[in-house]
Amino acid sequence: MTITSPHLGSPSSEWTDARLLYALEEVVETELNRHLKVAKDWMPHEYVPWSDARNFPGLFEDGEAWDKEQSKVTELGRIALVVNLLTEDNLPSYHHEIASLFGRDGAWGTWVHRWTAEEGRHGIVMRDYLLASRAVDPDKLEAFRMQHMAEGFESDNRHSMLHSVAYVAFQELATRVSHRNTGHQSGDPVCDRMLARIATDENLHMVFYRNLLKAAFELAPDLTMQAVRDVIVNFRMPGHGMPGFERAAAQMAIGEVYNMRIHHDDVLQPVLRHLKVMDMGDLGPEGLQAQEELGMFMGGLDAEASKFDAKLAARKARMAARAAG
């Protein structure tokens, strides 16, 4: 794939994925070394309440059937935990995507494998917690996992390394926010601590990609602005294809785990502000157009989020009135 930036205006303005990968290699190495210095290894088994666990029916004569009353996790927490875990479960597909885009050599390859290893811990600890604490129906969870993974996963941004970097800069923060809010809404301090630990990893991953996106803006500002616009306008969470996602997403929105207001205020705006995307000058015509379109989209999203806020406030008021009456 060849992308041309009219702003750079010379034969060197033709950026291929290969050229961008090579140009960003030094930045990747710097960010990888910084990440390895600040990232702390942790043990998934230390976050799981093993003493709460008991056998399920099957091979064991003393197996006890699952019942949702066996767990202190709230209904909203249960829904969000399943969505978050099924998202993490698709790690083999995510690894394939980024290994194909970023390669397996040099600093890029080292990062791909390190990121995969760190993300792997998230799925391990969440599944162990859910089974040990009996927070979800294990049979349904496994059926959902099989269905979700059997359908495979293809990123909306697999056509472009630059679009993929832009996407993960926002998506890693979105995942961090979703995990953190799920912990707050779970009703279980053990679950809250586990998801806070996962959220710390996700934040470090966001910083890596955000810094890489900053370097891309310095190299190819017009192309990067267009990629950011495309990614934000068409943003979808990676778990959008899982069974029952739309209904679960609606419940998570109402429960304030993740919704339009959170997406606008806590995910998109912090990255855009940090990179000063809307204040960026020295852009060519296509970059300026993308910046303007991005601004218009963000304004529209803010307005839609305000409408959602009003509906949510009205719903809370109705529920409070019912409870009082």
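The model is predicted, so local features need pLDDT of at least 70, side-chain atom pairs count only at pLDDT 80 or more, and totals for chains, interfaces and linings use all residues. Residues are numbered from 1 along each chain as its sequence is written, and side-chain values use heavy atoms, without hydrogens and water. Helices are DSSP runs (H or I, at least four residues), numbered from the N terminus.

**Helix 6 and helix 7**
- The axes of helix 6 (residues 161-185) and helix 7 (residues 189-219) come within 8 Å and cross at roughly 160°.
- Axes are lines fitted to C-alpha atoms over the stretch in contact, and angles run from 0 to 180 degrees between N-to-C directions.
- Helix 6 and helix 7 are therefore roughly antiparallel (angles over 145 degrees).

**Helix 1 and helix 4**
- Helix 1 (residues 17-38) packs against helix 4 at about 45°, with the axes 8 Å apart.

**Helix 4 and its end**
- The 27 residues of helix 4 (residues 106-132) should span 39 Å at 1.5 Å a residue, and the end C-alpha atoms are 40 Å apart, which agrees.
- The expected span is 1.5 Å times one less than the number of residues.

Notes. Helices (H or I, at least four residues) and strands (E, at least two) are DSSP runs, numbered from the N terminus. Angles under 35 degrees count as roughly parallel, over 145 as roughly antiparallel, 65 to 115 as roughly perpendicular and the rest as oblique.
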